Amino acid sequence: MYGVPADLDLSFLVGQQLSNILIGEFMVMFCFSREGSINAYGGWEAVDPEGVVFDRSMENGERGEYRVHRLLGQDVVGFHIDAPRSFELELSRGYRLRVIDDQEHYESFQIDPLGLVV
């Protein structure tokens with residue numbers, strides 16, 4: 001667990017649209033319209049406007065389906081840092097994407113402000 005820094009600045013994402021979500025065996029990549037991506041290797045949650053978690057990270061064998069696509073096409077309107085545990089992106093239709101640092105020995109996420117990290 002590396003932790004989420006209290007001074008994490010995600011302002012470069014404000015105004016950008018969540019345009020792609022790439023699903024891999026060990027991560028989910030959230031890609032934004034102009035530049036920037038977040039690779040979630042650990043915990044993440046997709047939260048609806050009522051505060052209900054409608055999709056989250058889990059082992060592939062446990063998953064019946066993904067629902068995270070409901071976040072696509074929404075603009076980032078703000079963010080909240082809950083150091084050292086998580087950060088959250090606020091999206092234009094009241095949805096939120098929460099990324100959680102829950103990996104004890106590995107990086108839980110990687111943020112690339114300039115583009116895709118593969």
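Predicted model: local features only at pLDDT ≥ 70, side-chain atom pairs only at ≥ 80, totals over all residues.

Visitor: How many helices and strands does the chain have?

Guide: Helices (H or I, at least four residues) and strands (E, at least two) are taken as DSSP runs and numbered from the N terminus. In that order the elements run β-β-β-β-β-β-β-β-β. The count is 0 helices and 9 strands.

Visitor: What radius of gyration does the chain have, and what would a compact globule have?

Guide: The C-alpha atoms fill a box of roughly 35 × 30 × 30 Å along the principal axes. The radius of gyration is taken over C-alpha atoms, and the globule rule is 2.2 Å times the number of residues to the power 0.38. For 118 residues a compact globule would be near 13 Å, and the chain agrees with this at 13 Å.

Visitor: What share of the residues is buried?

Guide: Buried means under 20% relative accessible area, exposed over 50%, and partly exposed in between (1.4 Å probe, protein chains only). Of the 118 residues in the chain, the buried share is 42%.

Visitor: Which geometry does the pair of Phe 30 and Trp 44 have?

Guide: The structure holds 3 aromatic pairs; rings of Phe, Tyr and Trp (its six-membered ring) pair if their centres lie within 6.5 Å, and planes under 30 degrees apart count as stacked, over 60 as edge-to-face and the rest as tilted. Phe 30 in strand 2 (residues 28-32) and Trp 44 in strand 4 (residues 43-47) are 14 residues apart, and both are buried. Their ring centres are 5.9 Å apart and their planes stand at 75°, so the pair is edge-to-face.

Visitor: How far apart in sequence are the parts tied together by Phe 87 and Phe 109?

Guide: These two rings have centres 5.2 Å apart and planes at 75°, so they too form an edge-to-face pair. Both Phe 87 and Phe 109 are buried. Because Phe 87 lies in strand 7 (residues 86-91) and Phe 109 in strand 9 (residues 109-112), the separation in sequence is 22 residues.

Visitor: Is Gln 74 buried or exposed?

Guide: Gln 74 lies in the loop between strand 5 (53-56) and strand 6 (76-82). Not counting residues up to four places away in sequence, Gln 74 touches Gln 16, Gln 17, Leu 18, Leu 91, Ser 92, Arg 93, Gly 94 and Tyr 95, where contact means heavy atoms within 4.5 Å. Its relative accessible area is 0%, so Gln 74 is buried.

Visitor: What relative accessibility does Asp 101 have?

Guide: Asp 101 lies in the loop between strand 8 and strand 9. It counts as buried because its relative accessibility is 2%.

Visitor: Which residues does the cis peptide bond join?

Guide: Most peptide bonds are trans. Here omega is about 0° at a bond whose proline lies in the loop between strand 6 and strand 7. The residues joined are Ala 83 and Pro 84.

Conventions. Residues numbered from 1 in each chain as written. Heavy atoms only, no water.
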